[in-house]
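Reader: I would like to learn how to read strand pairing and salt bridges. Please take one case at a time.

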Amino acid sequence: MTHHTTDGAASRPENHGLFSRARQFFAILGGIYVLVVVLLAIPLIQSHVLYMNALKLPWGAQFDAPEKYGLAPGKTTNVKITTADNVTLGAWFVLSDTLYHELPFPPQSSATKSHIPVALRTHPTILFFHGNGATRALSTRVRYYSAFSSRLKANVLAIDYRGYGDSEGAPSEVGLATDARAAWDWLMSYGTKAEDILIIGHSLGTAVASSLTVNLSDSGVQPKGTVLMSPFSSIYNLVDTYLLFGLFPVMLPLTLIPRAAQFYKSFLVHEFDTLSAITRMQAPLLIVHAENDWDIQHAHSDALFDALLELYLPPLNSPPLSPGTWSKGDWKAHGEQLKRRKEVRDSLLTETNIPNFGSLNELNSGEVRIVLLKTLEGSHNHVGTLEGVQDVIRNVFSLP
């Protein structure tokens, strides 16, 4: 008697069901992606995603009690700063540990406020601009203040932009620039000197710090310097390189459709174009980026550094026609230009490798000091808390 097996026939419906569920899954993912892309073309939603100011972490923060968030008793005072357009900002002023340790312990609650003038007169001050989301009381940011005030012996002024924390108003690109200038003017009103203020921005704050530095440069004012931690070159370029969950390129599906990505980016209402602004900055500059930053890729810092370097390189003059029509002479001249540019570039750069930590590239321009630090670790949010990064800041800007 002959028996006929039906294993193949039985497996086909199972495989069909598996493929059907897979198609449904990817169809749902595709639908979610399309929905997100459409929503992000709406300016209001763009603003909420970019600034994330509604995420007021830690929730219900008591800004007049900074000790609750890790700062020493009486070391920090809660201050209010009024901007040129009459918006009130919340901010913390943190004393340098050098001065704080001279005070009787525990200091009176009003000690920090009364010591602001002497603190600004006798110690450098870091004007800190944080990234998007949360508030100045976020634990990660508090670790920055602690490191700056102890390891760098500097005072710290940390503001919450309009719409963040307990600050009034709603954020905008112009608004954040106005807030930054108000914070600078507040420090100056206490008699400090421009050369004693170090401007530090992190993530979104790097665009704010760059804007302030350019604003000061245009006015003929030079601070001690500017530090850009985990910067992006512009919102336009950030969209191109942003990885969702550190894995999925957000713009990848659109790039598969001719001109779709460029059309979509025409709906972007925010610029924060640090790449265009950075060549106007007339102040010593340190750019810091971790190679394991999956939020903003370190290629953005390379682009900013290269834009500054480009100012000192011989021009690259190509024939007006497309490369396919160049003569042998054109190609030879082009090759010689590239060779000369590389020679000049190599002569302008000093690279220092720091074992198990990262690398330093310094531009020897003979003008203001420009340094790029790439660390091996630190990710996006913690690179500034690395002791090595703080030591580089101390050395580049000659802090005590």
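This is a predicted model: local features need pLDDT of at least 70, side-chain atom pairs count only at pLDDT 80 or more; totals for chains, interfaces and linings use all residues.

Reader: In which sense do strand 2 and strand 4 run, and how many bridges join them?

Author: Two strands pair if DSSP finds at least two bridges between them; strands (E, at least two residues) and helices (H or I, at least four) are DSSP runs, numbered from the N terminus. Strand 2 (residues 88-94) runs antiparallel to strand 4, with 4 bridges. Strand 3 (residues 125-129) pairs with strand 4 in the parallel sense, over 4 bridges.

Reader: Is strand 4 mostly covered or uncovered?

Author: Buried means under 20% relative accessible area, exposed over 50%, partly exposed in between (1.4 Å probe, protein chains only). In strand 4 (residues 155-159), 5 of 5 residues are buried. Asn155, Leu157 and Ile159 lie on one side, Val156 and Ala158 on the other.

Reader: How many salt bridges does a search of the whole structure find?

Author: Side chains of opposite charge can pair when their charged atoms come close. The criterion is a side-chain nitrogen of Lys or Arg within 4 Å of a carboxyl oxygen of Asp or Glu. The search finds 17. Among them, Arg162 and Asp179 meet at 2.8 Å, N to O, and both are buried.

Definitions and conventions. Residues are numbered from 1 along each chain as its sequence is written. Side-chain values use heavy atoms; hydrogens and water are left out.
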